[in-house]
Amino acid sequence: MSELCALVLAAGHGKRMKSAVPKVMHLVSGRPLVHYPIQCVLDAGATRIVVVVGHEREKVAPYLRDAFGSSVTLAVQAEQRGTGHAALQGLPALPEDAQRVLIVYGDTPLLVAADLVALAEALDRTPSAQLALLTCRVADPRGYGRILRDDHGRVLAIREDRDLTHAQRAIDEVNPGVYCARASFLREALTLLQPDNAQGELYLTDIVAIAAARNAVVDVPGDPSSLVGVNDRAQLAEADRLMQARIIYRLQRAGATVRDGARIDDAVQIEPDATIEANVVLRGNTRIAAGARIDVGTVIDNATIGPDAWVKPYSVITDSIVAASAQIGPFAHLRPHSTIGEGAHVGNFVETKKTVMHKGAKANHLAYLGDGEIGEGANVGAGTIFCNYDGFQKHKTVIGKGAFIGSDSQVVAPVTIGENAYVATGTTVTRDVPADALAIARVRQENKEGYAAKLRQRFAAAKADKERAKDSGS
Ligand code: UD1
Ligand code: CA
C-alpha cells in the first residue's frame with residue numbers, strides 16, 4: 001500500500017457563522033468542528049496529516065497542537081483565496097513520497113472513516129483513476145456543489161451553488177467535499193486552477209473537471225448523514241443533533257442505559273450498566289463507571305463518577321471526583337476539586353469546593369464546605385458553613401475521622417477539629433477542637449416561668465391601642 005496522506009482545509013473565514021470565533025472552532029458535542037475530520041483521517045489510516053489554517057489561526061493552531069500534537073502538521077494560508085488555493089498551501093508540507101492524498105474540509109464533522117477508506121480503495125482498484133470522489137443525494141441540495149454528469153452518467157465536473165444555471169439547480173447529487181487524489185495529479189491539477197467563478201476564488205472542486213477530461217475520475221456513493229457541512233448556526237445545530245444521536249447510539253450499544261433528552265459530549269466515557277437519565281448533560285472528559293446512576297437534570301463537567309454511585313436529580317458537578325457508591329444530591333453542587341469518598345453522602349443544597357470527604361462521611365443537608373477535609377465517617381449537620389474566606393485569603397478546615405458537627409455551626413477557618421470530637425449545634429468554632437472534646441459556643445439558655453402569657457397580653461394591648469388611635473383619628 002502506498003503512503004496515505006491527508007489535507008484538512010480549515011483556513012476559511014466562516015462569514016456565515018456571524019461570529020468572532022473562527023468557524024472551525026465552534027463546538028459540536030464538546031469538540032471544535034475541526035477536531036472531527038482530523039480524527040476521521042487518522043482513523044482512516046493517514047500517516048501524515050497537514051491542516052491548513054489561516055483566518056484567526058492563532059486561535060486554531062494552539063488547539064490543534066494540544067489535541068493532536070505531532071500527528072498533525074500545520075500549513076498557513078495567509079489570505080483566503082478559496083479551497084483550491086488552501087490545498088496549494090498545504091502541498092509543500094506533504095512528504096515527497098506521498099502517493100495518495102485524502103482531502104477533507106474542516107467544517108464537515110460527521111465524516112466517517114469508512115467512507116474515506118472506500119475512496120482510497122477505489123483509487124487502488126482503478127489504476128487509470130487520478131481522483132476518487134464521494135458523492136451523495138440529498139433532499140435539499142442548496143448550498144452544496146452539484147455533481148454534473150454526462151449522458152452516460154460519467155462525472156464531468158462539480159459546479160458550485162452560486163455558479164449553477166437554473167436547470168442545474170434541480171440536481172440533487174452533491175459534493176460532500178471528500179476526495180482522494182494521487183499526489184502527482186494533485187500537485188499538477190492545483191496549478192491549473194483559475195478563479196473564473198462567481199467568487200473569483202480558486203476552487204478545489206475544479207480538479208474534478210481536470211481529472212474527468214482525462215477520464216480519470218472514480219465516484220463512490222456516500223451516506224448523506226455524514227455529509228453535513230457547517231456554514232451557519234442552523235447547520236451547526238443540525239450537525240450537533242446528528243452527532244448526539246451517533247454518540248448516544250455508540251454508548252447504548254456498549255451497554256449504557258441512556259434515556260431520551262440526555263446530552264453527552266464526544267469525549268465522555270461511560271461503562272456498561274451505568275444509567276444516564278433524562279435531561280442529563282455530560283461534558284468534557286467526564287467518566288461514568290459501571291453501575292453508576294446519573295439522575296434527571298444533572299450536569300456533570302469534567303468529573304469522574306465511581307462504580308454504583310448515585311447522583312440524584314438536578315445536581316451540578318464540575319472538575320471533581322466521586323468515588324464508588326457515594327450519593328450526591330438531589331440539588332447538590334460539587335465545585336472544582338471536590339473529592340467525595342467511597343460511600344460518602346452529599347445531600348440537598350450542599351455546596352462543596354476544593355474539599356475532600358473521606359469514606360463514609362456525610363453532609364446531608366444545606367451546607368457550604370469550601371477548602372475542607374472531612375475525615376472518614378464524620379457527620380456534618382444541616383446548615384453548617386465552613387467560613388473559608390476572610391476577604392483576602394482562603395483558609396482550610398480539617399475535620400477528623402468520626403467527628404460530629406452539630407447543625408447550624410460555623411467553622412471559621414483555619415481550624416482543625418479532632419477525631420471523634422463533637423461540636424454542639426449552633427456553635428461558632430474559632431479555635432481548634434481536640435480529639436474527643438465537645439466544643440460548644442453559644443449563649444446559655446434561660447427559661448422564665450409564665451412569661452409567655454404576660455408577653456402575649458402586653459402585645460395584644462399594644463395592638464388594640466394602636467387600632468383605637470386610628471379609629472378616632474379618621
Ligand atoms: C465546499 C465545496 C462544495 C461542497 C461543500 C461541502 C468548494 C469550492 N466548494 O463549499 O462543493 O459541496 O464544501 O461542504 O470547495 N477554506 C480554506 N480556505 C479558503 C476557503 C475555505 O481553508 O480560502 C476551508 C474552510 O475553512 C472550510 C472548507 O475549506 O473548512 C470549505 O470552505 P467553505 O467556504 O465552507 O466551502 P463551501 O461553500 O461549503
Ligand atoms: Ca462549508
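Three residue pairs are in polar contact between domain 1 and domain 2, counting pairs with both residues at pLDDT 80 or more. On the side of domain 1 that touches domain 2, the residues split into one nonpolar, two polar and one charged. Keep in mind that this is a predicted model.

There's also one salt bridge between domain 1 and domain 2. The side chains of R31 and D266 come together in a salt bridge, at 2.8 Å from N to O.

## Layout and buried area

How is the chain divided up? The domain assignment puts domain 1 at 4–227 and domain 2 at 256–353. Four residues from domain 1 and four residues from domain 2 make up the contact. As for spacing, the C-alpha centres of domain 1 and domain 2 sit 40 Å apart.

Interface size is often quoted as the accessible area lost when the parts come together. Here, domain 1 and domain 2 bury about 340 Å² between them, with 41% of that on carbon and sulfur atoms.

## Cysteines

How many disulfides are there? The count comes to zero. C136 isn't in one: its nearest cysteine sulfur belongs to C40 and is 14 Å away. C136 is also buried, at a relative accessible area of 4%.

Technical notes: Residues numbered from 1 in each chain as written. Chains lettered and ligands numbered in written order. Predicted model: local features only at pLDDT ≥ 70, side-chain atom pairs only at ≥ 80, totals over all residues. Heavy atoms only, no water. Domains from an automatic or database assignment. Contact = heavy atoms within 4.5 Å. Buried area = accessible area lost by both parts, 1.4 Å probe. Salt bridge = Lys/Arg side-chain N within 4 Å of Asp/Glu carboxyl O. Polar contact = N/O pair within 3.5 Å; in protein donor to acceptor, adjacent residues only side chain to side chain. Nonpolar A, V, L, I, M, F, W, Y, C, P; charged D, E, K, R; others polar. Disulfide = S-S within 2.5 Å. Buried < 20%, exposed > 50% of the residue type's maximum accessible area, 1.4 Å probe, protein only.
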